[in-house]
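The following exercises are to be worked through with the sequence and the model at hand. Each task is followed by a solution in steps.

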Amino acid sequence: MNVQEYIESGILEEYALGVLNEVERAEVERIAREHPEIGRELDSIVRSLDAYAEAHAITPPAEMRDRVLQGWQQAIRETEKPEPSAVSASNGTSATTPPQMVAVTSAPAAAVPSPSADGAVVRQMPAQESNSGRTRWLIAASVALLVLSALGNFLLYNRLKETEANLEVAQTEQSRYAATQKAALNERDEQLRVLRNEAFRAVELKGTPKSPNALARVYYNQQTKAVYVDVRNLPAPPAGKQYQLWALDNGKPVDAGVLATATAAGDSIQQMKDIASAQAFAMTVEDEGGVASPTLSTMTVIGNL
Amino acid sequence: MSVPTPESAALETEVLLVQRLRDRDEGAMTIFYDKYSAALYGVIMRIVKKEEIAEDVLQEAMVKIWHSFPSYDAEKGRLFTWVMNVCRNLAIDKIRSRQYRVGSRTQPIEESAALRQAAEPSFRPEHIGLQEMTNQLNPEQRQIVDLLYFGGFTQSEVAEELNLPLGTVKTRARAAIKVLSKLIR
């Protein structure tokens with residue numbers, strides 16, 4: 001075999017990292033014994049990784065020592081207990097079996113009044129033995145089945161618990177989703193109510209020469225004075241600026257409020273300030289929060305009723 | 001363990017400890033704890049990240065070591081290597097178990113090994129420090145060693161995870177281990 005090729009195959013590293021199965025491990029160990037060069041390489045790899053592990057050492061908190069040692073002792077006591085109890089259990093069964101066997105022996109002995117006594121005993125012995133052997137086997141088998149069934153129950157129970165937990169998570173998530181959807185739906189209904197209401201007049205606000213592609217729509221209810229704005233396309237305002245809507249009443253601008261970011265982006269319809277009377281609407285770009293009178297040079301859209 | 005005392009003395013105490021463990025001497029486990037807990041706890045912590053879980057894993061590991069001690073073969077390697085593998089495997093099983101992953105299901109667990117590279121603040125000064133070791137490794141080498149050693153990945157799994165050819169992973173792993181072995185010589 002090619003020693004160098006074997007070393008470079010990476011299998012020694014995998015051995016040291018503990019990712020090989022039993023058969024592969026045994027094979028590596030055999031080859032390392034047969035080829036001293038591989039053995040040395042393997043040893044060096046193992047030591048390197050041990051040193052790397054040791055470099056991560058953290059002295060555990062002092063109070064942990066007693067806890068861990070006591071916990072360990074308790075754990076090995078608990079695991080050792082079943083063994084003696086198993087032994088005593090099998091002692092128990094063998095203690096109860098002999099009387100039965102006595103009964104069995106006594107019956108044929110009584111049925112056959114003293115034949116050639118030796119032969120009877122000799123013949124009966126193997127029968128008894130196989131009988132008690134079968135009993136023992138049956139007990140062992142039923143204990144094994146019981147253990148298996150208990151294990152199966154335990155696993156199924158765990159899986160059930162897990163499924164229940166997952167279901168609960170899914171249900172919570174679903175009801176949260178439903179709530180969000182309902183809220184969104186309510187909002188849309190409200191908007192639809194505005195758009196369908198005949199009392200609302202739609203006013204197209206068209207882009208000024210400064211931004212000819214800009215387009216927005218105002219819904220104005222002259223009876224209730226309500227104003228809604230629906231943006232189709234507006235250039236994003238510069239940082240620190242917001243769009244502000246103005247109503248023009250006899251040429252005089254009246255503040256109708258500033259547009260939220262989502263509104264300006266066209267994501268939703270926004271209700272603005274009530275306007276008593278207007279013949280036109282316009283939007284300008286103003287400092288965040290709005291201003292008292294419009295900056296005409298930043299007028300983006302305008303439209304007449 | 002071998003740095004502060006001469007190699008032979010360390011070996012002698014290890015041989016004695018192994019003998020006592022083989023004789024089912026429960027007192028030996030206290031000595032075992034004092035001798036190995038820092039190294040084992042450090043690696044377990046590196047894998048599971050949480051102190052209370054690390055403590056549980058250490059205790060479980062000690063129970064396992066006690067019960068499966070008859071299968072330890074001193075001919076095949078040092079006690080330290082064997083117990084470290086027991087701890088590492090238990091810790092890796094722990095982080096791969098479903099319970100542990102609930103809540104972080106969307107993150108691949110590899111992330112824990114690959115990204116959280118923060119060095120533990122306390123390592124014992126009498127040993128070759130973590131800093132010193134990792135300074136010698138380049139980031140790619142360290143990532144691979146950590147995925148392999150702390151993540152329990154095979155080289156093929158690492159190759160898939162990092163989207164590298166298997167050959168590259170093998171070369172880097174070998175190079176990294178070579179660097180480490182030069183340091184301890």
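Predicted model: local features only at pLDDT ≥ 70, side-chain atom pairs only at ≥ 80, totals over all residues.

**Exercise 1.** Within what distance do the axes of helix 3 and helix 4 of chain B come, and at what angle do they cross?

Residues are numbered from 1 along each chain as its sequence is written, while chains are lettered from A and ligands numbered from 1 in the order in which they are written.

*Solution.* 
Step 1. Helices (H or I, at least four residues) and strands (E, at least two) are DSSP runs, numbered from the N terminus. Axes are lines fitted to C-alpha atoms, for helices over the stretch in contact, with angles from 0 to 180 degrees between N-to-C directions.
Step 2. The axes of helix 3 (residues 51-67) and helix 4 (residues 79-96) of chain B come within 9 Å and cross at roughly 130°.
Step 3. Helix 3 of chain B is therefore oblique to helix 4 of chain B. Angles under 35 degrees count as roughly parallel, over 145 as roughly antiparallel, 65 to 115 as roughly perpendicular and the rest as oblique.
Step 4. Contact is assigned where C-beta atoms, placed from the backbone, lie within 7 Å. On helix 3 of chain B the residues concerned include B:Ile53, B:Val57 and B:Ala61, and those they meet on helix 4 of chain B include B:Val86, B:Leu90 and B:Lys94.
Step 5. By class, this contact of helix 3 with helix 4 of chain B has nine nonpolar, no polar and three charged residues. Ala, Val, Leu, Ile, Met, Phe, Trp, Tyr, Cys and Pro count as nonpolar, Asp, Glu, Lys and Arg as charged, and the others, Gly among them, as polar.

**Exercise 2.** In what order do the eight strands of the open sheet in chain A lie?

*Solution.* 
Step 1. Chain A has eight helices and eight strands. Two strands pair if DSSP finds at least two bridges between them.
Step 2. The order is 5-4-7-8-1-2-3-6, with antiparallel pairing. Strand 5 and strand 6 (270-271) of chain A are the edge strands, each pairing on one side only.
Step 3. Strand 4 (residues 241-249) and strand 7 (residues 280-287) of chain A pair over eight bridges, and A:Lys241 has A:Asp287 as its bridge partner.
Step 4. Strand 4 of chain A is also joined to strand 5 (residues 252-258) of chain A, by five bridges; here A:Ala247 is partnered by A:Val254. These two strands form a hairpin with two residues between them, and A:Asn250 in the turn has a positive phi of about 55°.

**Exercise 3.** Which element of chain A gives the most residues to the side that touches chain B?

*Solution.* 
Step 1. In the interface, 35 residues of chain A are in contact with 49 residues of chain B.
Step 2. Helix 2 (11-17), helix 4 (36-55) and helix 5 (62-80) of chain A each give two or more residues to this side. Helix 4 of chain A gives the most, with 12 residues.
Step 3. The residues on this side of chain A divide into 18 nonpolar, nine polar and eight charged.

**Exercise 4.** Where is A:Lys225 placed?

*Solution.* 
Step 1. A:Lys225 lies in the loop between strand 2 (215-221) and strand 3 (227-233) of chain A.
Step 2. Phi of A:Lys225 is near 70°, a positive value in a residue other than glycine.

Notes: Contact = placed C-beta atoms within 7 Å.
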